[in-house]
Amino acid sequence: MVMKNKGRLNKALLLVVCMLTGLFFCGCGQTSTGYDNEEGTECDYTVVAMRDCPEELLKNLEEKKINSFQMTYQDGTYLYMAVGYGEQKTGGYSILVKKLAETKDKIFLKTELRGPSKEETVSQKPSFPYVVIKTENKTCLLYTSPSPR
C-alpha cells in the first residue's frame with residue numbers, strides 16, 4: 001500500500017514538473033520589444049541610399065549583411081539605423097519601414113521584409129536586403145520590432 005502511494009506521488013510530481021516546464025516554455029516562446037504598446041512620438045526620418053552612407057557604416061554593413069542584424073551609427077549630426085534580414089535565396093526583396101517612434105529613452109523601429117511578387121522576374125542569385133535610415137542625432141537605445149528572422 002505504501003508503494004502505491006509513492007507511485008501516485010511520483011506521477012503527480014512528474015505531472016506538476018511537466019506542467020511548469022510547459023508554462024515556462026510558453027512564456028519564453030515569444031519575443032516582444034514592447035513596441036506595439038509604446039506610446040512614443042513618431043520621428044521624421046530619411047531612407048538613405050547606399051551611396052550616401054558614411055564609409056565606416058558601409059564597411060560594417062558589408063561585414064554583417066550575410067546574417068540578420070540591427071545596428072546604429074552616429075556621425076555627430078545624424079543617427080543612422082540599419083536593419084538587415086540576412087541572405088535571401090533570390091533578389092526582389094525590399095524592406096518597408098513601418099514606423100519610427102521615440103520615447104524619453106528609447107527609439108523603436110518597425111520594419112517588414114517584403115518578398116518578390118509571383119509575377120516579378122527576379123535574379124536567382126542570393127540577395128542581402130537591408131535598409132538604412134537616418135534621423136537627428138539622439139542618445140537612445142534602439143529596439144526593432146519584429147526582429148529580423
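**Entry 1: burial and overall layout**

I began with burial in this predicted model: of the 149 residues of the protein chain, 26% count as buried. Buried here means under 20% relative accessible area, exposed means over 50%, and partly exposed lies in between, with a 1.4 Å probe and protein chains only. I noted that residues are numbered from 1 along each chain as its sequence is written, and that side-chain values use heavy atoms, with hydrogens and water left out. Because the model is predicted, local features need pLDDT of at least 70 and side-chain atom pairs count only at pLDDT 80 or more, while totals for chains, interfaces and linings use all residues.

I then listed the elements. The protein chain has 2 helices and 8 strands. Helices are DSSP runs of H or I with at least four residues, strands are runs of E with at least two, and both are numbered from the N terminus. Along the sequence the pattern reads α-β-β-α-β-β-β-β-β-β.

I also looked up contacts, meaning heavy atoms within 4.5 Å. Of the contacts in the protein chain with a separation of 6 or more, 72% come from residues 24 or more positions apart.

**Entry 2: the open sheet**

I traced an open sheet of 4 strands in the order β2-β7-β4-β3, with antiparallel pairing. Two strands pair if DSSP finds at least two bridges between them. β2 (46-47) and β3 are the edge strands, and each pairs on one side only. β2 and β7 run antiparallel and are joined by 2 bridges. V47 has I133 in β7 as its bridge partner. Helix α2 (residues 55-64) packs on this sheet and touches β3, β4 and β7. The direction of α2 makes about 170° with that of β3; axes are lines fitted to C-alpha atoms, for helices over the stretch in contact, and angles run from 0 to 180 degrees between N-to-C directions.

β3 and β4 pair antiparallel over 7 bridges. F69 has G84 in β4 as its bridge partner. The β3 and β4 hairpin has 3 residues between the strands, and G76 there takes a positive phi near 100°.

**Entry 3: the two faces of β3**

Which side chains of β3 are buried? F69, M71 and Y73 are; they point to one face. F69 has 8% relative accessibility, and Y73 has 17%.

**Entry 4: aromatic rings**

I counted 3 aromatic pairs. The rule takes rings of Phe, Tyr and Trp (its six-membered ring) with centres within 6.5 Å; planes under 30 degrees apart are stacked, over 60 edge-to-face, and the rest tilted. F69 and Y130 form a tilted pair, 6.2 Å centre to centre with 55° between the planes. F69 lies in β3 (residues 68-74) and Y130 in β7 (residues 130-136), so this pair ties together parts 61 residues apart in sequence.

The rings of Y73 and Y80 have centres 6.1 Å apart and planes at 55°, so this pair is tilted as well. Y80 is buried at 5% relative accessibility. Y73, Y78 and Y80 make one aromatic cluster. The charged end of K134 sits over the ring of Y78, 4.1 Å from its centre. That call needs NZ of Lys or CZ of Arg within 6 Å of the ring centre and within 35 degrees of the ring normal.

**Entry 5: nonpolar cores**

A nonpolar core is a set of buried Ala, Val, Leu, Ile, Met, Phe, Trp, Tyr and Cys residues joined through side-chain atoms within 4.5 Å. The largest has 12 residues, among them C43, L79, I95, L109 and V131. β4, β5, β6 (106-114) and β7 each supply at least two of its residues. Which strand gives the most to this core? β4 does, with 4 residues. A second, separate core of 10 residues includes V48, F69, M71 and Y73.

**Entry 6: β1, β5 and β6**

β1 (residues 41-42) and β5 pair antiparallel over 2 bridges. E42 has A101 in β5 as its bridge partner. β5 and β6 run antiparallel and are joined by 8 bridges. A hairpin of 3 residues links β5 to β6. L96 stands opposite E112 in β6.

**Entry 7: a loop residue**

Last, I looked up E87, in the loop between β4 (78-85) and β5 (94-102). E87 is partly exposed at 35% relative accessibility.
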